[in-house]
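This report describes one protein chain for a reader who has not seen it before. Please keep the sequence and the 3D view at hand while reading.

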Amino acid sequence: MKSAVFAAALLVAASGAALAPTQAYAQVNLNIIIGNPPPPPRYEVVPRPRPGYVWAPGYWFWNGRDHDWRGGHWERAREGQVYYRPQWVQADNGWRFQEGGWRGEQRARHERREREEYRREEYRHDEHRREEHRREEHRRDDGDGRGHGHGGGFCPPGQAKKGNC
């Protein structure tokens with residue numbers, strides 16, 4: 001089934017390429033989700049910087065059966081673009097492979113903003129969970145009406161002198 005879908009996609013791509021102008025760009029997105037986490041990255045000696053080049057570090061690639069190490073290499077720098085290394089991220093009850101490659105600076109800024117917004121949203125959720133925890137502690141008060149959440153016979157150091165326990 002997969003080979004039939006792949007063959008159909010290849011046929012569509014080939015027929016489109018025949019009608020495309022001579023300077024066409026294609027982008028292929030590969031979305032792989034697996035259950036096993038990848039092995040830890042291998043240590044690679046990063047060569048000294050080369051003018052006009054960017055070092056693309058090695059990564060683990062899923063070959064359909066197991067992880068296969070792809071060693072680091074030099075990429076010729078592209079003006080106005082940023083290189084992203086391929087990586088595995090934990091998502092969707094498994095591990096998702098995010099392809100690396102070149103992205104325009106504008107797209108890179110957009111993706112950075114999206115990641116920052118995601119982190120802010122996670123922080124807000126964490127704050128909400130902490131507030132719920134504080135409220136729960138408050139409910140567990142020993143009933144003396146002070147509402148300091150130190151019930152159950154435990155009083156943090158220094159709080160008894162202040163009349164909080």
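A polar contact is a pair of N or O atoms within 3.5 Å; within protein, one atom must be able to donate a hydrogen and the other to accept it, and residues adjacent in sequence count only if both atoms are side-chain atoms. One such case involves Arg 103, whose side chain reaches the backbone oxygen of Glu 99 at 3.3 Å.

The model is a predicted one, in which local features need pLDDT of at least 70 and side-chain atom pairs count only at pLDDT 80 or more, while totals for chains, interfaces and linings use all residues. Residues are numbered from 1 along each chain as its sequence is written, and side-chain values use heavy atoms, with hydrogens and water left out.

**The chain as a whole**

Helices (H or I, at least four residues) and strands (E, at least two) are DSSP runs, numbered from the N terminus. The chain has two helices and nine strands. Read from the N terminus on, the order of elements is α-β-β-β-β-β-β-β-β-β-α.

A residue is called buried under 20% relative accessible area, exposed over 50%, and partly exposed in between (1.4 Å probe, protein chains only). Of the 165 residues of the chain, 18% count as buried. Accessible areas come from the Shrake-Rupley method with a 1.4 Å probe, and for residues only the protein chains shown count as cover. The chain exposes about 13300 Å², of which carbon and sulfur atoms supply 53%.

Contact means heavy atoms within 4.5 Å. Among the contacts in the chain with a separation of 6 or more, 41% are between residues 24 or more positions apart.

**The nonpolar core and its rings**

A nonpolar core is a set of buried Ala, Val, Leu, Ile, Met, Phe, Trp, Tyr and Cys residues joined through side-chain atoms within 4.5 Å. In soluble globular proteins, nonpolar side chains tend to be buried together. The largest core here has nine residues: Ile 34, Tyr 59, Trp 60, Phe 61, Trp 62, Trp 69, Trp 88, Trp 95 and Phe 97. Two or more residues of this core come from each of strand E3 (59-62) and strand E8 (94-98). E3 gives the largest share, four residues.

Rings of Phe, Tyr and Trp (its six-membered ring) pair if their centres lie within 6.5 Å; planes under 30 degrees apart count as stacked, over 60 as edge-to-face and the rest as tilted. The whole structure holds six aromatic pairs. One of them joins Phe 61 and Phe 97 edge-to-face, with 5.6 Å centre to centre and 85° between the planes. Phe 61 lies in strand E3 and Phe 97 in strand E8, so this pair ties together parts that are 36 residues apart in sequence. Ring pairs also link Tyr 59, Phe 61, Trp 88 and Phe 97 into a cluster.

**Strand E4**

His 67 is placed in strand E4. Not counting residues up to four places away in sequence, His 67 touches Ile 34, Asn 36, Pro 37, Pro 38, Pro 39, Trp 60, Phe 61, Trp 62 and Trp 88.

Arg 70 also has its place in strand E4 (residues 67-70). With the same exclusion of residues up to four places away, Arg 70 touches Gly 58, Tyr 59 and Phe 61. Arg 70 and Gly 58 are twelve residues apart along the chain, and their C-alpha atoms are separated by 5.3 Å.

A salt bridge is a side-chain nitrogen of Lys or Arg within 4 Å of a carboxyl oxygen of Asp or Glu. The structure holds one salt bridge. In it, the side chains of Asp 68 and Arg 70 meet at 3.7 Å, N to O.

**Arg 103 and Val 82**

Arg 103 is found in strand E9 (residues 101-104). Leaving aside neighbours within four places in sequence, Arg 103 is in contact with Gly 80, Gln 81, Val 82, Tyr 84 and Glu 111.

Val 82, one of these partners, is found in strand E6 (residues 81-84). Val 82 and Val 54 are 28 residues apart in sequence and 9.5 Å apart in space, C-alpha to C-alpha.

**Accessibility of the residues discussed**

| Residue | Relative accessible area | Class |
|---|---|---|
| Phe 97 | 4% | buried |
| Arg 103 | 15% | buried |
| His 67 | 15% | buried |
| Phe 61 | 17% | buried |
| Val 82 | 30% | partly exposed |
| Asp 68 | 32% | partly exposed |
| Arg 70 | 32% | partly exposed |
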